[in-house]
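Please look over the structure shown here, with attention to its aromatic rings and to the charges placed over them.

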Amino acid sequence: VQLQASGGGLVQPGGSLRLSCAASGRIYFMGWYRQAPGNQRGLVASVTSGGTTDYADSLEDRFTISRDNRKNALYLQMNSLKPEDTAVYYCKGRSRQGDVYWGQGTQVTVSS
């Protein structure tokens, strides 16, 4: 399975972005992770094919994850963006058998 993330860019503080991830096949678990310079990659949000979601602490009030199983697509709506949200955002997929897939990452920069 291949994952293709898109939608990153430069946005001012307080702005919004919507990230998309296109998968080449159906995947049970899909999630967004991010990595800022000097930091480890960490979970932003995830969703299973059944719709169960999980968010990193403090992000759920600004970020919303969703997926379209018919299109094998994953989305992340990010609102009220802050400079500390600046990072490379990665799409991750995992099958029920435990196979893990990563997309190439998309840069999000929040700056005035």
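Predicted model: local features only at pLDDT ≥ 70, side-chain atom pairs only at ≥ 80, totals over all residues.

Residues are numbered from 1 along each chain as its sequence is written, and side-chain values use heavy atoms, with hydrogens and water left out.

**Aromatic pairs**
- Rings of Phe, Tyr and Trp (its six-membered ring) pair if their centres lie within 6.5 Å, and planes under 30 degrees apart count as stacked, over 60 as edge-to-face and the rest as tilted; the count by this rule is 2 aromatic pairs.
- Tyr33 and Trp102 make an edge-to-face pair, with 5.2 Å from centre to centre and 70 degrees between the planes.
- This pair links distant parts of the chain, since Tyr33 is in strand β4 (residues 29-35) and Trp102 in strand β10 (residues 100-102), 69 residues apart; strands (E, at least two residues) are DSSP runs numbered from the N terminus.
- Tyr90 and Trp102 are also edge-to-face, because their ring centres are 6.3 Å apart and their planes stand at 90 degrees.
- Tyr33, Tyr90 and Trp102 form one aromatic cluster.

**Burial**
- Tyr33 counts as buried at 13% relative accessibility, and Tyr90 is buried with a relative accessible area of 14%, where buried means under 20%, exposed over 50% and partly exposed in between (1.4 Å probe, protein chains only).
- Trp102, at 38% relative accessibility, counts as partly exposed.

**Charges over rings**
- Arg41 lies over the face of Tyr90, 3.5 Å from the ring centre; a charge sits over a ring if NZ of Lys or CZ of Arg is within 6 Å of the ring centre and within 35 degrees of the ring normal.
- The ring of Phe29 has the charged end of Arg94 over it, 4.2 Å from its centre.

Technical notes
Helix = DSSP H or I, 4+ residues; strand = E, 2+ residues; numbered from the N terminus.
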